[in-house]
Amino acid sequence: MSGRPETLAEAMIPVAARLVVLVHGDGGRDEVAALLSELTPDEEWALFVVLAAMVNPDRSLGAALGWISWDEHGDPLAPGLAETRTIRDAAEGAEPGSPAGECVDEVVVERALAGVRVEANDAERLAVIEAAARDEDVSPTTVAMGLGLKANTTQKAIQRTRERSIHKEAS
């Protein structure tokens with residue numbers, strides 16, 4: 001894509017990317033509402049399609065949604081990280097897929113926790129965040145460097161994982 005976007009879907013890529021980072025910790029409900037309120041109905045449809053295209057349907061629901069620690073009203077939520085059904089399995093009317101099952105390379109996890117930049121799959125990123133949440137001595141900034149993420153986003157992910165753990169223990 002060079003210059004101006006050729007399609008509405010291409011034009012929605014930056015909007016979709018912005019929405020993803022807002023939802024993953026760089027913003028809150030008000031920022032999300034402001035972003036979405038600027039869209040026309042056609043742009044909303046294009047955004048839905050672009051967002052769906054960004055998701056691997058063979059990823060487990062636990063890996064896809066395990067970082068969420070609140071519901072649509074802002075109340076605490078303890079989603080099941082152990083949920084192994086894939087997004088494809090949860091989709092009504094979808095053809096069953098083969099289980100992808102990402103492996104966790106412990107060396108990748110250890111290096112990321114030490115701040116060494118690694119290429120981590122989703123399962124490894126989740127393992128790094130969970131390990132950092134368990135160890136108060138691990139700096140979110142160091143983890144962010146290791147995973148190539150923003151420090152603010154990483155800090156919020158670690159905090160939400162800690163909150164979810166506390167909520168789970170209280171249940």
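User: How much of the chain counts as buried, and what makes a residue buried here?
Analyst: This is a predicted model, and 30% of the 171 residues of the chain count as buried. A residue gets that label if its relative accessible area is under 20%.

User: What makes Thr153 buried or exposed?
Analyst: Thr153 comes out at 16% relative accessibility. The cut-off for buried is under 20%, so Thr153 counts as buried. You'll find Thr153 in helix 9 (residues 151-170).

User: Which residues does Thr153 touch, and what makes that a contact?
Analyst: Leaving out residues up to four places away in sequence, Thr153 touches His24 and Asp26. A contact takes heavy atoms within 4.5 Å.

User: And across the chain, what share of contacts comes from residues 24 or more positions apart?
Analyst: Among contacts with a separation of 6 or more, 59% are between residues 24 or more positions apart.

User: What does the secondary structure of the chain come to?
Analyst: Nine helices and zero strands. Read from the N terminus, the elements go α-α-α-α-α-α-α-α-α.

User: How many aromatic pairs are there, and why is the pair called edge-to-face?
Analyst: The count is one aromatic pair. The ring centres of Trp45 and Phe48 are 5.9 Å apart, and pairing asks for centres within 6.5 Å, so these two qualify. Their planes sit at 75°; over 60 degrees counts as edge-to-face, so that's the name the pair gets.

User: Where do Trp45 and Phe48 sit along the helix?
Analyst: Both belong to helix 3 (residues 41-53). Trp45 and Phe48 are three residues apart there, which means about one helical turn separates them.

User: Why do Trp45 and Phe48 get the accessibility labels they have?
Analyst: Trp45 has 62% relative accessibility, and the label exposed needs over 50%, so Trp45 is exposed. Phe48 has 48%, which falls between the 20% and 50% cut-offs, so Phe48 counts as partly exposed.

User: Which residues make the nonpolar surface patch, and what qualifies Ile13 on accessibility?
Analyst: Ile13, Val20, Val21, Met54 and Val55 make a patch of about 360 Å².

User: What is the accessible surface of the chain, and how much belongs to carbon and sulfur atoms?
Analyst: The chain's accessible surface is about 10,800 Å², with 55% of it belonging to carbon and sulfur atoms.

Conventions:
Residues numbered from 1 in each chain as written. Predicted model: local features only at pLDDT ≥ 70, side-chain atom pairs only at ≥ 80, totals over all residues. Heavy atoms only, no water. Phe/Tyr/Trp six-rings, centres within 6.5 Å; stacked < 30°, edge-to-face > 60°. Helix = DSSP H or I, 4+ residues; strand = E, 2+ residues; numbered from the N terminus. Buried < 20%, exposed > 50% of the residue type's maximum accessible area, 1.4 Å probe, protein only. Patch = residues over 30% accessible without salt bridge, like charges linked within 9 Å, V, L, I, M, F, W, Y side chains within 5 Å. Areas by Shrake-Rupley, 256 points an atom, 1.4 Å probe, with all protein chains shown as cover. Salt bridge = Lys/Arg side-chain N within 4 Å of Asp/Glu carboxyl O.
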